[in-house]
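Let's take a friendly walk through this structure, one contact at a time. Have the sequence and the 3D view at hand as you read.

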Amino acid sequence: MSTTEVRPARAGAEPVRRRRPELPSAVLGLGGLVGFAALLELLPRTGIVSAEYFPPFSEMVRALVEAAGTDRFWAATAETVQAWGIGLGIALVAGIGLGLLIGSVELLRRFTASTIEFLRPVPSVALIPLAVLLLGLGLQSTLLLVVYASFWQILIQVIYGVQDVDPVARETARSYHLGRWARVRYLIWPTALPYVMTGVRLGAAVALILAVTAGLVGIGTGLGAEIALAQSSNAVPLVYGLVIFTGLLGVVVNLAARALERRTLAWHSSVRADVGG
Amino acid sequence: MNPVLRWGRTLGFALTLPVILVTLWWVWSADSTNYYAPPLQTILTTFGDVWFSERLRADVLPSVTRLAIGYTGAVVVGVGLGVLLGANRTLRRVTEPVLEFFRAIPPPALIPILFLFAGIGDTAKVIVIVSGAVWPVLLNTVEGVRAVDDVLSDTSRSYGITGLARLRHLVLPAASPQIVAGMRQALSISIILMVISEMFASTNGLGFSVIQFQRSFAIPEMWSGILLLGLLGFVLSLLFQLFERRSLRWYHGLRRSQRGEN
């Protein structure tokens, strides 16, 4: 984007104005973060909101740093990350495998479409009571929720992606008598890859949400359970500190997913929008 | 092929697998002695008894109302703020990291905090839904507004189209595919938050009832509640698809013609 801009001259207005040189985004963004932290500090200090419910930012940070000195905190973090990783892994393998299969067999796609459309929007949290009864409290129940939530995101994207194969490329592959595996490897997979990456990005975010939620409602362990515990023992600054930490974890997940997307799609000319998923 | 036959085929494809699955469930569970997996017949009978009664008003209605208000609030706030931030480059760059952070917080983690503030009443639950669902709408709107085609933007400027007319005829339509994509994500987050906020602390609602059934080992009732939540998610997603097809008809047509499918 250019930094100069020509505005239509109005009567009496200066004809063309040059913008002031702009600060780099990193500086502005950092300023925004600092400003936001200052706001969180000042709101309770000036008594605009009650410090009982909303401690100053420095206290949230102190509670978080204190917690970060304990093994318990890192064990909880490891449990959340573990549930996230295993769940996302299962969803990826199942979603990509089934997606490639369903997407490339027309008949299969037509037979499964209605069932997928019905099961996909079923909120995974509806399965919580069932998971508790059938799998008990613990990692398995958490995994059921995480896998269910992220699997559909990935499956749908892969099916869309496989269908997006360019007709000319398909005909070309056919003329050259490419075998089944060669078609998957050189035609279908590269076409579907941007969609797969979108699915990975959405799935990774949803998986973290469910990994934390499971702890929060008491069926799993990890950061969610720590937040619930801090809340029930009225350790308000710690609740905030832990929520900030899960947010940072979420930022890391998002950044990693985007970096992966950029790396794997470095060859891809256009950046696809997430619409149609 | 004649249209009747084509309809029949479409219907056949759509119904075959669901019918097979439901039949299998029905047959397999018919003489189930497993306490946790009662016969489908029992579940369906219970479904009618439980949900087409007082509960429809006492539990389903409050849930759906909170969901509707919260979701609408999230869309209004998200689009409003998104247009503002999308149009102002400096403001956007200052707020971007803060907004990205808020989007990254798993929304249910906000529930304990918001309940501290607002108690556990209806308002608190609506706030929970808004505060979790607003981010995808907001950030997608910012993206969409920012990416308005330069030529269109310049053209409308030279024609003196500014202010509300510009918003109504240029900015919002141009950003609408992105906004709708954000709204779709927000819808599923809203449903999750509706259920979780009721499971966490409540005296009525769908999430509350389902957890109550589970805790009191009312198994067929619990299954019927899960079924109802599933149906709710399905129906809402169906409604959303209708809305999307109507509001983005021009866009999907454009995409098809760009891809040479016509």
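This is a predicted model: local features need pLDDT of at least 70, side-chain atom pairs count only at pLDDT 80 or more; totals for chains, interfaces and linings use all residues.

On the α3(A) side you will find A:Thr80, A:Ala83, A:Trp84, A:Gly87, A:Leu88, A:Ala91, A:Leu92, A:Gly95, A:Ile96, A:Leu100 and A:Ser104. They meet a set of residues in α8(A): A:Val184, A:Ile188, A:Val196, A:Gly199, A:Val200, A:Gly203, A:Ala204, A:Ala207, A:Leu208, A:Ala211, A:Val212 and A:Gly215. Sorted by class, the residues of this contact are 16 nonpolar and seven polar, with no charged ones. As for the geometry, α3(A) covers residues 71-104, and its axis comes within 8 Å of the axis of α8(A), crossing at roughly 145°. The crossing of these two helices is right-handed.

Staying in chain A, turn to α1(A), which runs over residues 25-45. This helix has 21 residues, and from its first C-alpha to its last it reaches 30 Å. That is close to the 30 Å expected at 1.5 Å a residue. After α1(A) comes A:Gly47, which has a positive phi, near 80°.

Now bring in chain B. The C-alpha trace of chain B spans about 75 × 65 × 30 Å along its principal axes. Chain B has a radius of gyration of 23 Å, whereas a compact globule of 262 residues would be near 18 Å.

Within chain B, look at the pair α8(B) and α9(B). Helix α8(B) takes in residues 163-200, and its axis and that of α9(B) come within 7 Å and cross at roughly 55°. At that angle, α8(B) counts as oblique to α9(B), and their crossing is right-handed. From α8(B), the residues B:Met194, B:Val195, B:Ile196, B:Glu198 and B:Met199 meet B:Leu206, B:Gly207, B:Phe208 and B:Ile211 of α9(B). The contact divides into seven nonpolar residues, one polar and one charged.

How do the two chains meet? In total, 48 residues of chain A are in contact with 50 residues of chain B. On the chain A side, the elements giving two or more residues are α1, α4 (106-119), α5, α8 (180-216), α9 (223-232) and α10 (236-264). Which of them gives the most to this side? The answer is α10(A), with nine residues. By class, the side of chain A that touches chain B has 33 nonpolar, 13 polar and two charged residues.

One helix pair lets you see a meeting of the chains in detail. Helix α5(A), residues 128-135, and helix α9(B), residues 206-215, have axes that come within 9 Å and cross at roughly 15°. Because of that angle, α5(A) is roughly parallel to α9(B). The way α5(A) passes α9(B) is a right-handed crossing. Here A:Pro129, A:Val132 and A:Leu133 meet B:Val210, B:Ile211 and B:Gln214.

Terms used. Residues are numbered from 1 along each chain as its sequence is written. Chains are lettered from A and ligands numbered from 1 in the order in which they are written. Helices (H or I, at least four residues) and strands (E, at least two) are DSSP runs, numbered from the N terminus. The expected span of a helix is 1.5 Å times one less than its number of residues. Axes are lines fitted to C-alpha atoms, for helices over the stretch in contact, and angles run from 0 to 180 degrees between N-to-C directions. Angles under 35 degrees count as roughly parallel, over 145 as roughly antiparallel, 65 to 115 as roughly perpendicular and the rest as oblique. A crossing is left-handed if the near helix is turned anticlockwise from the far one by less than a right angle, and right-handed if clockwise. Two residues are in contact if their C-beta atoms, placed from the backbone, lie within 7 Å. The radius of gyration is taken over C-alpha atoms; the globule rule is 2.2 Å times the number of residues to the power 0.38. Ala, Val, Leu, Ile, Met, Phe, Trp, Tyr, Cys and Pro count as nonpolar, Asp, Glu, Lys and Arg as charged, and the others, Gly among them, as polar.
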